[in-house]
Amino acid sequence: AGVDASITGTAIAIGDGRTWNVRRFPSKPRGDDLRSRILRIEKILEEVVAFLEASPPAAIFIENYAFGAKFGREQLGELGGIMRWHLLDFTSNVFE
């Protein structure tokens, strides 16, 4: 399977070289607050997992980070997102 992860429209292609099942998972903002952003990511993950569970691939290839980007935005964003997600498990009083 091939995965192009994006907050606005993750796409996955699963195939055997002759036939392909391609799906896009569009996502729109639910709000600007922290909980809304995390719920958006959670919904994307739920849909992607369900799609992959229906037709489990033997291998998955995901687009790598743009290491040439200034300040490692992708890595910092991912870490920040995961951190915020776990912090919300403790309290809804997380501020930015």
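This is a predicted model: local features need pLDDT of at least 70, side-chain atom pairs count only at pLDDT 80 or more; totals for chains, interfaces and linings use all residues.
A nonpolar core is a set of buried Ala, Val, Leu, Ile, Met, Phe, Trp, Tyr and Cys residues joined through side-chain atoms within 4.5 Å.

**The whole chain.** Display the chain as a cartoon and follow it from the N terminus: the elements run β-β-β-α-β-α, giving two helices and four strands. Of the 96 residues, 23% are buried. Switching to a surface view shows an accessible area of about 7,300 Å², with 59% belonging to carbon and sulfur atoms.

**The core.** Next, select Ala1, Val3, Ile12, Ile14, Phe25, Ile44, Val48, Phe51 and Leu52; these nine residues form the largest nonpolar core. Strand β2 and helix α1 (34-54) each contribute at least two residues to this core, and α1 gives the most, with four. In soluble globular proteins, nonpolar side chains tend to be buried together.

**Val3.** Select Val3, one of the core residues. Beyond residues up to four places away in sequence, Val3 touches Thr10, Ala11 and Ile12, and also Ile60, Phe61, Ile62 and Glu63.

**Thr10.** Is Thr10 buried or exposed? Its relative accessible area is 6%, and because buried means under 20%, Thr10 counts as buried. Leaving aside neighbours within four places in sequence, Thr10 is in contact with Val3, Asp4, Ala5, Arg23, Arg24, Phe25, Ile44 and Val48. Among them, Val3, Phe25, Ile44 and Val48 are members of the largest nonpolar core.

Technical notes:
Residues are numbered from 1 along each chain as its sequence is written. Side-chain values use heavy atoms; hydrogens and water are left out. Buried means under 20% relative accessible area, exposed over 50%, partly exposed in between (1.4 Å probe, protein chains only). Accessible areas come from the Shrake-Rupley method with a 1.4 Å probe; for residues, only the protein chains shown count as cover. Contact means heavy atoms within 4.5 Å.
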